[in-house]
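Visitor: I should like to go through this structure term by term. Please set each value against its definition.

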Amino acid sequence: MLTKAKTITLFVLVMLLISSQSNGQNPYVYERGTCWLTDAYDLITSDDPSTFENLAYVNEANAQMWDREANNDQGAWVTPLSWIYQLTYEDGITSKIRVRQLGFTKTEADSLAARYGYQMGQLPACLRRGTELINIMRGDALYGGNIWNHSIDITIGKTSELYHRTGNMEEILFHEATHASLDYLYRENWNDYSNEDPRYISKYASDNPDREDISESFLLTAGLTFRAERIPSLADRILSNLANRMKYLEILSLDMYPFTDNMEEEDSEKVSAPVEALDYYRLTCSWLGAEKSLTVINNQVQMTTSSNSASQQWKLEPLSEGYYRLTNKLKGVGYSLDVINDHMANKLQLASSGDYTGQFWKLEALEDGYYRLTTMFQGEGKSLDVINDGQNDKLHLAPSGNYSGQLWKLIRIK
């Protein structure tokens, strides 16, 4: 019979054993933040392209920004007199750069705005579009990012010198711009996917799951998706621990230009000959041009910004009588593009693949390499069409006609 003392001792030993097992399997992969993984320092280099197009001085004005060294290093909102610049990227995205006047000459401010404008131009469009304000000030605090007013804060001092010296300045900017642009995802479906992954990618993310997980994860998942050859030593751990996070980011079809060169013409091939059953294709239409592609989002289809996301990659499986089955790389061959069999019979979805006439698609070759897509279910009288509703991203089957929203181009993905 166990005495009370022995029972307590046994309980302590069990708890120590559980604790040691837990510590042996950390809830995170890397001790350091992902911006500080030396094997990832070349995800963006000074030789990579920048979308920086123009920097124009606007005026001087008081600009609200977060000063991390104010309030005894607790941080506070301040509105210092600043030089304001308009930053324009080649894809039409714009941002404001505000250089706090304290500690700088106007010439120094011009140089800093141009330097950081160029480096910001190396980031993906989804981050540049979400980073509306770039604040530059004298100080030694860490850089920061804020979703509240879509801003990032850059301090010129010991911290900036460190980032330039170690060579991870671009990765730091990527991280902070992710805060400014994508932290809203915490309020949406991020946790539904992150909770399915076994671990956080870093201790920093694990310690701050509702603040740092997205920024810590996005840098490496984007790197593995678009520049995998630069981080071969990190690939296995990223895949085994962030697969569901990667899936969610892929579903979002974020605009990654110029981080990826998938928009370059040499990386794709316009198809005018019969499709190859083993290839994947992006589908664009004459009306919206190459900038928008047919995309799967939660088993629905719509037009979103073109990328090399798996959600935009379609395989056409030849069926009988000249028809094809359209499946998507993200969802796999178990789901096919289908017409919903309701009283309207014009809505589209991805549904379980089967021998259904709404999943039998015919490609009618037209001029200039375009195709009309019709189904066995509705016949040639109705075609795949983009709804002209002002948003111009939804699809349906509509009466066939000479409409640019019904003229589809297949672009083979090499």
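**Strands, rings and burial**

Guide: Lys-382 stands opposite Pro-399 in β22. The model is predicted, so local features need pLDDT of at least 70 and side-chain atom pairs count only at pLDDT 80 or more, while totals for chains, interfaces and linings use all residues. Residues are numbered from 1 along each chain as its sequence is written, and side-chain values use heavy atoms, with hydrogens and water left out.

Visitor: What makes β21 and β22 a pair of strands?

Guide: Strands are DSSP runs of E with at least two residues, and helices are runs of H or I with at least four, numbered from the N terminus. Two strands pair if DSSP finds at least two bridges between them. Five bridges join β21 to β22 (residues 395-399), and the two run antiparallel.

Visitor: Why is β21 called mostly covered?

Guide: Buried means under 20% relative accessible area, exposed means over 50%, and partly exposed lies in between (1.4 Å probe, protein chains only). In β21 (residues 382-386), four of the five residues are buried.

Visitor: Which strands stand at the edges of the sheet that contains β2 and β8, and why?

Guide: The open sheet has six strands in the order β2-β5-β6-β7-β9-β8, with mixed pairing. β2 and β8 each have a single partner strand, so one side of each is left without a neighbour in the sheet. Within this sheet order, β7 and β9 (residues 151-156) pair in the parallel sense over six bridges, and Ile-136 stands opposite Ile-154 in β9.

Visitor: How do you know that the length of helix α6 agrees with expectation?

Guide: The expected span is 1.5 Å times one less than the number of residues. For the 14 residues of α6 (residues 169-182) this should give 20 Å, and the end C-alpha atoms are 20 Å apart, which agrees. Moreover, 14 of the 14 residues of α6 are buried, so the helix is largely enclosed by the rest of the structure.

Visitor: Why is the pair of Trp-36 and Tyr-163 called tilted?

Guide: Rings of Phe, Tyr and Trp (its six-membered ring) pair if their centres lie within 6.5 Å; planes under 30 degrees apart count as stacked, over 60 as edge-to-face and the rest as tilted. The search of the whole structure finds 11 aromatic pairs. The centres of Trp-36 and Tyr-163 are 5.9 Å apart and their planes stand at 50 degrees, so this pair is tilted. Trp-36 is in the loop between β1 (28-30) and β2 (52-62), and Tyr-163 is in helix α5 (residues 158-166), 127 residues apart.

Visitor: What makes the pair of Tyr-143 and Tyr-163 edge-to-face?

Guide: Their centres are 4.8 Å apart and their planes are at 85 degrees, so the pair is edge-to-face. Tyr-143 lies in the loop between β7 (133-138) and β8 (144-146), so its pairing with Tyr-163 in α5 ties together parts that are 20 residues apart in sequence. Both tyrosines count as buried, Tyr-143 at 3% relative accessible area and Tyr-163 at 4%.
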